Amino acid sequence: MVMVNLILILLVGGVLALLSERLDENMPRKVALGVVVVDLLYFLNHLLAMPELNQLQAPLASDPSTWLMHFRADWIPAFGVSIELALDGISMLMVLLTLVLGAVAVSASWTDVTVRRGFFEANLLWTLAGVLGVFMALDLFLFFLFWEVMLIPMYFLIAIWGHENRGYAAMKFFIFTQASGLLMLVSILTLVAVNHSATGQWSFSYFALLNTPMAETTAHWLMVGFFIAFVVKLPVFPFHTWLPDAHTQAPTAGSVILAGILLKTGAYGLIRFAVPLFPDAAMDFSYVAMVLGAAGVVYGAVLAFAQTDFKRLIAYSSVSHMGFVLLGVYAWNELALQGAVMQMVAHGFSTAALFMIAGSLQERLHTRDMREMGGLWHYMPRMGAVAMFFVVASLGLPGLGNFVAEFLVLLGLFKVDPWMTAIAALGLITGAAYSLLLMQRSFQGEPNPKLADHGLIDFGGREMLTMAVMMVALIGLGIYPQPVLDLAQPVLQSLLEVTP
Amino acid sequence: MNANSLMALMPILMLSLTAVVLMIQASIKRDQSVAWFISALGFLLTLWGAGYAREFTQPVTVLLIVDDWGLFFTTLIVAAALVTLILSRDTFSTEGERKEEYYLLLVLSVLGAVVLIQSSHMVSLLLGMELMGVALYAMIAFPEKGQLPLEASIKYLVLSACASAMLLYGFALLYAATGDLSYGGIGLKAMLAYQQNPILLMSGTAMVLAGIGFKLSVVPFHMWTPDVYEGAPTPVTGFLATISKGAVFVALTRFFVEGQLYEYQSLMTALAAVAIASMLIGNWLALRQENIKRLLAYSSIAHFGYLLVVLIALSHEGAEAGLIRQAITFYLAAYILTTLAAFAVVACIAGEDESKNQIAAFDGLFWRRRIQASSLTVAMLSFAGIPLTAGFVGKFYVISVGIQSQLWWLLAALVIGSAIAIYYYLRIIFTMTKSAGTAASGQFRASTASQDVLAMLLLIMVLLLGSWPQPFIEFAGRL
Amino acid sequence: MEGLNVPLNHILLVSSLLFAIGMLGLMIRRNIIFILMSLEVMLNSAALAFVAAGAHWGQPDGQVVFMLILTVAAAEVAVGLGLVLQVQKRFKTLDMDHANRMRG
Amino acid sequence: MLELIWLIPLIPLCSSLLLMLTAGRLPRLLIGYLGVGSVGIAALLTLAAGIHFMANPEPFELTLWTWMQVGNFAPGVAFYFDGLTLVMMSVITGVGFLIHLFSTEFMEKDTSYARYFAYLNMFVAAMLILVMADNLLLLYLGWEGVGVCSYLLVGFWYQNSANGQSARKAFIVTRIGDTAMALGLFLLFTELGTLDIQGMVAMANETWQVGDSIPLIACLLLLGGAVGKSAQLPLHTWLPDAMAGPTPVSALIHAATMVTAGVYLIARTHGLFLLAPTAMMVVAIIGIATSLMAAFTALMQSDIKRILAYSTISQIGYMFLALGVGAWTAGIFHLMTHAFFKALLFLGSGAIIHCLHHEHNIFKMGGLRRKMPVTFWSFMIGSAALAALPMTSGFFSKDQILLEAYQLPGMGPWLWLGGLLGALLTAIYSFRLVFVVFFGKANTEPDRDTGWRMAVPLTVLCALSLIGGYFIIPVEAVFPAASGEHPAHWVEYVSISVPLIGLLLAYLIFHSRQLRVDGLVGSRVGQLLRRFWFSGWGIDWLYDRLFVRPYYELSGMLKSEPVDVIYGLIVAINQTLNQWLSEAQTGRMRWYIASMVFGLVVLISLALQISPEVL
């Protein structure tokens, strides 16, 4: 029930935020922040009360009670669809990440949304609710539902409050994800049908569908359906082209959520569904996936280097970083998977922060074009320092979370394919190239005298506090990632046992 | 024919009664609002009649079959007619003389649809279809001014008559081949006839399908659709899109199942070709359409393409007839509800002003007419098959059925078509959400309370059917 | 019936020819009156086929349907002619190629 | 006592964090105290630890916590303390302290005073972690950490884009090496199951035979990291550009400590390199080649800091040579003495630059001998040590390297000859610098001489440069013992005399001008060579054409997102179909009927495909 409440709080909170606009223009953002924080505290409160957290056991596919939380209620018995939510270490991490970044997103949009604030915050909260659903749903029908539905408020966020080319970006985002989602729907239904013909039961439950016996070709096709849906979201070369547009055009909070959380649903889907449901097929396919991952790492980095738009550069860097996740997942050993999970968390923070900086710059300069920036450190040293922190985080400085992630991925990958590792490792070099270029073009260099007229205001208390949360998180992950690793370990262990 | 049979015919009788009363009323005193009330009362009585008739389900002569399934669709269609009635009131109150005749036509057309739904014989099919059609011609051409309604009406008349001729000729060939005109009779004798003279049987069936395909506006019999949708008064368009098409599809299903057409592989190939073409071409046509009524016309082409998949699925050995029937029921119900929601909003916002049917005219609707805009948004999402809406569950059924029957090519077309469709459905939503910051850019007609309530009601039903379909599924399963 | 023992196929051939002629008429005639006439031809070709089929099976149904078709055709044409009047009034022509304001 | 060594990197780190968090709001004096004091305390603690260690020279391990544990991969945040660590720590904290002190004067007018010390303290912390790390992963942390600090400090004056350019170049070029090193780490862990240095070396010796290919690959990958960080061929190009940073930074990072990290890495993993003789040969060849290349280039430079930069590259080449021939102790010894005299030279040049309004061109200086006596003597001593004149610290270390190189069977004498040539060139260019800058006629007037905060470090470093050669570094337990044989005496004499010849040549050419080289330089070949050497053997140019520009071009080409072309095509196909089909909706009834007829024909003909199995 805790999990249902988590989602409900956000849904109802969204309605409240929408309504609160009538009281006062500034009310919605306060309500939204309050709702997210309450949700987070509610979740933490329950987690702390759980004795299981100290002694994590591997969540067994055969026995939902071994999971940290499990909830099941009938929904559409005619189809064998139920409201089945469950939480294990990885989903718990993702839920925490979602809520923390949700609060960050509200903070990021504190001042830059000026119209229809109530509806804005409502959409924000509903998106978060959808994402939570994705991370917790273990009924494939329900999962698909959340998967699709979370896009609608996100679509509104981009289409209504986005930047100059928002219509195009929102449309592209929606069509890419929906079209790939349809493939997944076909896959899900086929899987259910196959399971039905084997067991005579209609069920969409993850627990029931694991270990469904099926022909090799069938498994291959079904796996591809899932795979495409997830890698489009991740996104992986060559399905990534919606991302630069969507991230660039979205309002700051939208970018934060998109990059910080939404992309992770793809990675989560791969780990939770695409591989365990079709272990043999996934392993047969792993080489292709890894090639795509490595290509994404390099391609994203090269394109990031070419960008002049601040947000677009970060967007391409996400493509590059998510390539590591794909590599990590399909290397399919503990090291690489831990790296992938770590990357999901760390990238969530580092990119969210960078997007928030981008948003702050856009708010102040009314441009994202780095050719019109330069020397901003001079005007806004605090923002510059913060930007520097997250830039070096994103280029994988040891001691910060992203390094742990990339190192583990590559280390795990090396066991599987040294040459692929070498190619992916190029991402470390190219990553440095674009990250530092970003810094150079915006904050360093000669101060642009035109900028002085904008009356640039440095980061204030709210922004610094938000940033500090993420900095502390990244440093924590960097020097003592063990809590995260420990949470994921039992899950990964039981997942690894699924494959031959 | 006995008393029981009469009870079973209660809906038809009620509608006929309404028609008679309307005629008498018109001869006594022409009054639009009285006519409106009589029609409304008639429809309500028909609804009651449909419930009443459930106790007496039986075949009534060889012509009609009264069963739960048909009664359900009768109910649905009469309810849709009620919605049309509500929408018509605002639309036609501005018309000049003899507007009460419109209600008579409406009632007659619904009567035709109900007969069509319950038909089990070529003659009742023809009667129902023609009664519905002829009344529709007049309804489409009802506005006294403007060329568009007239153009639409004459096009519909000629093309529809041509299609009827095809249908009739097809039945003539079937009759020549089998010596029977009832669906069941054709089904029983067809196999033998096939073995003797397949050409007669197959070309006859193909012609019947062509005639019915016209009414369903599947490719390549679709070309009339956008013109008629655009030209007709919006409530009539809504009627055409929901009641007419729905009833014809029900009739097609009966003919298809009773006639055991799914046994013939070549027919299925032909039907599959039509379905694939409809799914793709319908969506392609809608892609950049600027007129919302034409857009909905094209989208309906695609939707009947999806529905055909379900029928074709019957041909596979592994198909479960029950599931397929459920799928048809659900999809049609969802489609009718969603279409009504969409046309309710279009009728309310655009009225009969041709220029306001442009999508661009909906700019900023989201901020000016919340309820109407929400309703249209949900309708578009439902058409697009986004979860939590009725359309999704419908699509869910179609895909499930397709998978069970392993119709991979059709599924591929469905996926591609749906992917294309997202674009134009979303474009409408996007247009409505534009101009968030600016003051009123477009002038929208004020909506009346009844329109708002109607929009709200349809919105809730579409969502309810999508998010909590279990009761309805159980209900549909028992039909 | 002995004197009129024409094989079914022959009549079907004739009726299908009629049907094709009607269809051709629909496709090539522009005047709405001729179009309605072509429709009549098509409907009647179907009626002819029904009569022949009825005769073939020795059933009265063929003739019944024939009657039905006649009434249906009449109804169609009645409404059609009503519309023709309006067309003449509003379009000032009976050439249907000019009634193409809606397209695309 | 040794349990507290974790404090040594922590104190500068805390100071750095404090300076960052207060963001320059502290009074300048306090910033200075914090910045210098923290390193000073670290130096004292190092001293204490050193004394402790000398009393009981046992390697000491300290695990603070397990960094991360994934399966059997469990690197700790753990320190390893032995003689080698001690030497490195002493150099880092000791020289570091002096340079920090020097900086308080050098940077006193700078507006970003706090930021400077924050970075510099951070660097010291990272460098200490690098040398103290017990495992390669923690070493890698320090390794990257110093890289970032180097980047930050080279680009310290960020308002000049050229500085940013240099900083990025420094980071990216070293990152190339780092990536190779990371791959080396992956390989080692995959093969040996641990990254713990001691354990790994032990395991390697159990697992592999001398000459196996896997240790060779691993060593070459580690070498990649080393050449990147230590600015050796082929990844040396960043160092001359890195001179864009403040001069004390060049002294600390780009002369004394960070650039020698590569040497440290190879020395630390010598157990591994001993398994791969080929790799060692590569190290030696890289060393000697770099050394000569850089020496020739230094000879042609006119920017005082660039001369020193190339000289640094050249000297590190010597250290690599030492490592390559197995003269581990000599290499580390040279590392230490080089830290002394090169820091001295850099600080000296810093003093000149400071007093001459940021003038870098040596030909615009001249005659500074009288006006800046402290600096002059610093330079004299520093250059002498650099040129390895007898009895200076450089002499002892370099001599040892040459002798051990000579003894290497096979290639030894050739390496020795190369080293001699390098030594000759070193002497020429270092004294060219001295003669041009301090003698002759004055071209610019210094506005002041150095203050005490500059003078003290210079003096201390002078002393160290002179007597450093008599230090005995406690590394005998770390490295395998040297052979102890001595080559023929003539070898030693030649080694001693070559720098003196160089000094003489420099005197004749650049001071007394008795040896005219104008003709030689003016000739076509001379001009060509001059340009060639001046540009650093055209390697920058070559890389620019081979890598940088193609990368820019590639990214420029891809910028328009070629993948989107595919999606654009899909969209275009759909749009075209939409257009065609829309045009087919002509609005003409006859056309519609034709379509229906067409449909009828198609339906019938499809339906007549009668399947035989039904019949």
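Residues are numbered from 1 along each chain as its sequence is written, and chains are lettered from A and ligands numbered from 1 in the order in which they are written. Because the model is predicted, local features need pLDDT of at least 70 and side-chain atom pairs count only at pLDDT 80 or more, while totals for chains, interfaces and linings use all residues.

Chain A contains 21 helices and 2 strands; helices (H or I, at least four residues) and strands (E, at least two) are DSSP runs, numbered from the N terminus. The C-alpha atoms of chain A fill a box of roughly 75 × 60 × 45 Å along the principal axes. Of the 500 residues in chain A, 68% are buried, a residue being buried if 20 or more other C-beta atoms, placed from the backbone, lie within 10 Å of its own. Among the contacts in chain A with a separation of 6 or more, 80% involve residues 24 or more positions apart. Two residues are in contact if their C-beta atoms, placed from the backbone, lie within 7 Å.

Chain B has 20 helices and 2 strands, and its C-alpha trace spans about 70 × 55 × 45 Å along the principal axes. For 479 residues a compact globule would have a radius of gyration near 23 Å, and the 21 Å of chain B agrees with this. Buried residues account for 70% of the 479 residues in chain B. Of the contacts in chain B between residues at least 6 apart in sequence, 79% join residues at least 24 apart.

Among the 5 pairs of chains in contact, chains A and D share the most contacts. Chain A and chain C, by contrast, do not touch, with their nearest C-alpha atoms 24 Å apart.

Within chain D, the packing of two helices was examined. Two packed helices are described by the angle between their axes and the distance between the axes. Helix H15 (residues 328–355) of chain D packs with helix H18 (residues 393–407) of chain D at an angle of about 150°, and their axes are 9 Å apart. Axes are lines fitted to C-alpha atoms, for helices over the stretch in contact, and angles run from 0 to 180 degrees between N-to-C directions. H15(D) and H18(D) are therefore roughly antiparallel to each other, a description applied to angles over 145 degrees. The residues of H15(D) in this contact include D:Phe333, D:His334 and D:Phe340, and those of H18(D) include D:Lys398, D:Ile401 and D:Glu404. By class, the residues of the contact of H15(D) with H18(D) comprise 5 nonpolar, 7 polar and 2 charged. Ala, Val, Leu, Ile, Met, Phe, Trp, Tyr, Cys and Pro count as nonpolar, Asp, Glu, Lys and Arg as charged, and the others, Gly among them, as polar.

Definitions and conventions
Buried ≥ 20, exposed ≤ 12 C-beta atoms within 10 Å, placed from the backbone. Parallel < 35°, antiparallel > 145°, perpendicular 65-115°, else oblique. Rg over C-alpha atoms; globule rule 2.2 N^0.38 Å.
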